[in-house]
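Here are a few exercises to work through with the structure open beside you. Try each task before you read its solution.

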Amino acid sequence: MKPLTTEEIRLVIAKGKFRDNVFKATGIFCLALALVVIVALIADMVIKGSERFTLDFFFNFASRRATQAGILSAWVGSLLVMFVTAMAAVPLGVAAGLYLEEYAKRNWITHVIEINITNLAAVPSIVYGLLALGIFVYQFGFGQSILSAGLTLALLILPIIIVATREAIRSIPAMIREGSMAVGATRWQTCRYHIIPYAMPGILTGVIIGLARAIGETAPIITIGALTFIAFLPPVPFTAADAGTTAGLFDWIFSPFTVMPIQIFNWTSRPDPQFEINAAAAGFVLMAMVLSMNAVAIYLRYKMRKNIKW
Amino acid sequence: MNEKSHLSSQFDEDLNGLRSHVLQMGGLVETQISSAIEAYSKGEVSSVKHIVETDRKVNDLEIAIDDDCAHLIAKRQPAASDLRLVFGISKIVTDLERAGDEAKKIAKGVRRIYEAGQMPSQYGIGVRHIAEAALAMLRQALDAFARLDAETALKVIQADVDVDTEFKSIMRQLITHMMEDPRTITTSIDIIWIARAVERIGDHAKNVAEHVVFISEGRDIRHPPKESKA
Amino acid sequence: MQIQDTPSLKAEARNLNFFYGENKALKNINMPVYDKKVTALIGPSGCGKSTYLRSFNRMHDLYPGNRYEGEIRFFPDNTNLLGADVDPIEVRMRIGMVFQKPNPFPKSIFENVAYGLRVRGENNKRTLDDKVEHALKGAAIWDEVKDRLSELASNLSGGQQQRLCIARALATDPELLLFDEPTSALDPIATGAIEELVHELKKRVTILIVTHNMQQAARVSDYTAYMFLGEMIEFGKTDEIFIKPKDKRTEDYITGRMG
């Protein structure tokens with residue numbers, strides 16, 4: 001083959017560079033499209049709901065008058081449900097992930113379990129709602145409470161947390177595990193001093209992604225029968241409740257409740273167009289909650305990963 | 001010895017180069033010795049100059065080979081048989097160079113004798129005989145080195161005993177000769193020097209043979225332990 | 001120099017076979033490990049030298065499908081390290097290990113060394129301080145880290161990290177130290193420091209070291225074993241192996257000839 005002349009080489013490079021640029025442009029366009037959609041959505045909500053962004057909106061209960069209606073019970077409900085969800089799902093999910101990665105023998109049973117965990121993540125959330133209605137609400141008698149809702153959502157995000165935990169554990173190099181075992185540590189000591197702390201950033205990310213998904217879930221919550229119109233807050237522990245009694249530490253857990261998505265759903269289904277403004281404003285608040293959770297996740301991950309190097 | 005080639009063909013080339021240089025040097029020393037013997041028996045004083053010149057070449061080769069050995073050790077870190085070869089070569093060249101020096105001494109002695117106009121007496125004939133024996137030892141030792149053949153080398157080592165015995169008998173003869181006729185003392189002393197040099201050549205040939213045994217078998221047989229006295 | 005006295009045995013492999021599933025990785029290994037001596041395991045990649053090393057502290061037990069046959073006797077108590085009744089944890093408490101790549105935990109320098117002690121339930125601050133200092137001194141890294149014990153171990157250089165890992169293994173006073181190619185990730189200077197350290201350490205502990213670097217084996221060890229395809233081809237004094245190996249295969253390997 002004849003060696004190329006400088007001119008020919010330049011031509012080849014120019015051709016290659018042109019293709020480069022075409023692909024770059026296409027990529028930027030696709031990215032922009034996605035960004036524009038999300039920005040438009042948020043902007044639409046902000047513009048539509050702007051007149052509701054007052055303190056009253058945050059601290060008023062639901063009302064039949066759109067201008068007086070607020071989201072107090074909804075956001076408090078959301079936070080409490082998330083709290084229960086996290087309390088239930090995190091220990092369970094982390095323990096399950098840890099067991100599967102560190103303890104379980106590799107045989108067909110674990111294999112079947114693994115496949116099913118992945119499948120669980122794909123189960124439609126309404127099915128979890130039906131399951132929870134049967135088990136938590138009626139069988140265990142938790143009623144249409146924060147506890148039922150929290151546990152339902154916990155079930156929903158359990159696979160996410162298990163998978164995230166396993167991924168995080170798998171990213172820890174084998175040599176760390178071996179280094180720990182080699183000085184005579186037991187499996188549990190290795191998990192306790194190394195695996196869990198080093199997997200924490202990954203686990204946390206999984207947990208928050210899970211919670212972010214749960215906070216926006218509507219279907220299962222409706223299925224177990226969350227109320228759409230609540231004009232009171234769950235009892236604060238150790239404060240006076242009705243009939244001169246004092247609320248116990250966990251009384252709030254059995255309280256009826258509503259959550260953000262249900263509140264929004266409720267408002268959008270009202271005939272009065274004024275409520276659409278409420279819905280937009282609440283939608284923005286929900287969005288802000290999810291985004292700030294993600295931000296916290298990113299920050300925590302950054303902070304924890306900084307010290308974990310191998 | 002190991003006939004398989006190294007992963008690095010350059011290493012093989014280096015080692016082969018080293019071996020052929022040693023054989024080349026050995027060849028030079030052999031000519032030095034045989035010329036010296038010729039000069040001694042035929043009185044060819046002219047070849048003395050040639051022997052001295054050859055010695056310079058031998059010295060240069062010694063330095064060059066030692067240098068190559070050092071480079072090879074630094075570059076390749078030879079081990080086992082390779083290590084023994086390089087290490088042995090470095091010692092062999094020392095002995096070869098000294099054998100060359102002895103040939104030079106013989107040549108100079110020959111020149112002194114003939115320039116003084118004296119001929120070696122019949123007592124000096126034995127010198128030619130052991131000189132040839134010593135030369136044969138060196139040839140055999142170099143042969144053993146070329147083939148890394150420990151058996152031949154061991155024969156060389158045994159042959160040294162004969163050379164030593166013969167040297168002693170020459171000494172006795174010459175001493176008797178000197179006592180009988182004090183006029184022959186100067187010549188006799190020169191002949192003793194020459195015989196001594198020949199005996200040393202035999203020792204160097206024996207040393208070379210011992211190095212060959214070390215190279216091929218990894219045994220160091222230089223200083224066998226004295227048999228313990230009961 | 002010749003090794004004059006016959007040292008006492010610290011461990012001995014007897015008819016040791018090892019299987020990764022169906023795959024036989026070690027074939028009938030018999031080898032002594034002498035007390036307070038350095039024994040080097042050399043051989044081409046995949047010859048089973050690391051597998052053999054990791055049998056001593058039962059590292060293979062961490063993974064399913066591995067199986068031992070035969071025994072590794074550990075002295076003076078004549079325990080069979082591979083015995084079914086012997087807890088691998090107990091084995092690892094007596095036998096330390098240093099890995100191919102420095103693997104400090106992403107914790108402080110102090111905690112890295114103290115870990116082995118904490119695992120044994122030691123929580124007394126004074127004892128921990130003393131033992132950590134002693135171990136770091138033993139690993140010849142004390143002067144470099146004494147002012148920053150609370151810093152992360154990952155801030156140390158590779159060679160320092162490896163010496164820290166040695167300190168971690170030393171902290172619990174092991175009877176036998178296993179080194180699995182400890183310098184393969186280090187530069188020549190750091191390698192030199194580790195080799196020097198090995199030389200110091202053999203005064204107090206028996207060492208078994210796997211190395212790819214034959215010169216390293218020649219430099220640091222008293223005894224050398226050459227392994228090939230899961231077999232122990234030759235075991236002997238290092239001086240003898242490197243000057244006059246008995247087996248042709250050993251000779252070919254250490255002189256760099258094609259197999």
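A residue counts as buried when its relative accessible area is under 20%, as exposed when that value is over 50%, and as partly exposed in between. Keep in mind throughout that this is a predicted model.

**Exercise 1. Find where A:Ser73 lies in chain A, decide whether A:Ser73 is buried or exposed, and list its contacts beyond the sequence neighbours.**

Solution. Begin with the secondary structure: A:Ser73 belongs to helix H3 of chain A, which covers residues 72-103. Next, take the accessibility. A:Ser73 has a relative accessibility of 4%, and the cut-off for buried is under 20%, so A:Ser73 is buried. Finally, set aside the neighbours within four places in sequence; A:Ser73 then touches A:Phe61, A:Ile230, A:Phe232, A:Leu233, A:Thr258 and A:Gln263.

**Exercise 2. Describe the interface between chain B and chain C: its buried area, its salt bridge count and its polar contacts.**

Solution. Start with area: about 1400 Å² is buried between chain B and chain C, and carbon and sulfur atoms give 49% of it. Then look at charge. The count is one salt bridge, formed by the side chains of B:Asp82 and C:Arg257 at 3.1 Å, N to O. Polar contacts come next, with eight residue pairs between the two chains, both residues at pLDDT 80 or more.

**Exercise 3. How does the radius of gyration of chain C compare with the globule rule?**

Solution. First, the inventory: chain C has 10 helices and 10 strands. Its radius of gyration is 18 Å, close to the 18 Å from the globule rule for 259 residues, so chain C is as compact as a globular protein of that length. Its C-alpha trace spans about 55 × 40 × 35 Å along the principal axes. Buried residues make up 60% of the chain. Among contacts in chain C between residues at least 6 apart in sequence, 68% join residues at least 24 apart.

**Exercise 4. Which parts of the chains do the salt bridges B:Arg139 to B:Glu30 and C:Arg94 to C:Asp77 tie together?**

Solution. In chain B, the closest N and O atoms of B:Arg139 and B:Glu30 are 3.0 Å apart. B:Arg139 sits in helix H4 (residues 125-147) and B:Glu30 in helix H1 (residues 9-42), so the bridge ties together parts 109 residues apart in sequence. B:Arg139 is partly exposed at 44%, while B:Glu30 is buried at 15%.

In chain C, the side chains of C:Arg94 and C:Asp77 meet at 2.7 Å, N to O. C:Arg94 lies in helix H2 (residues 88-94) and C:Asp77 in the loop between strand S4 (66-74) and strand S5 (79-80), so this pair ties together parts 17 residues apart in sequence. C:Arg94 is buried at 18%, and C:Asp77 is partly exposed at 39%.

Definitions and conventions:
Residues numbered from 1 in each chain as written. Chains lettered and ligands numbered in written order. Predicted model: local features only at pLDDT ≥ 70, side-chain atom pairs only at ≥ 80, totals over all residues. Heavy atoms only, no water. Helix = DSSP H or I, 4+ residues; strand = E, 2+ residues; numbered from the N terminus. Buried < 20%, exposed > 50% of the residue type's maximum accessible area, 1.4 Å probe, protein only. Contact = heavy atoms within 4.5 Å. Buried area = accessible area lost by both parts, 1.4 Å probe. Salt bridge = Lys/Arg side-chain N within 4 Å of Asp/Glu carboxyl O. Polar contact = N/O pair within 3.5 Å; in protein donor to acceptor, adjacent residues only side chain to side chain. Rg over C-alpha atoms; globule rule 2.2 N^0.38 Å.
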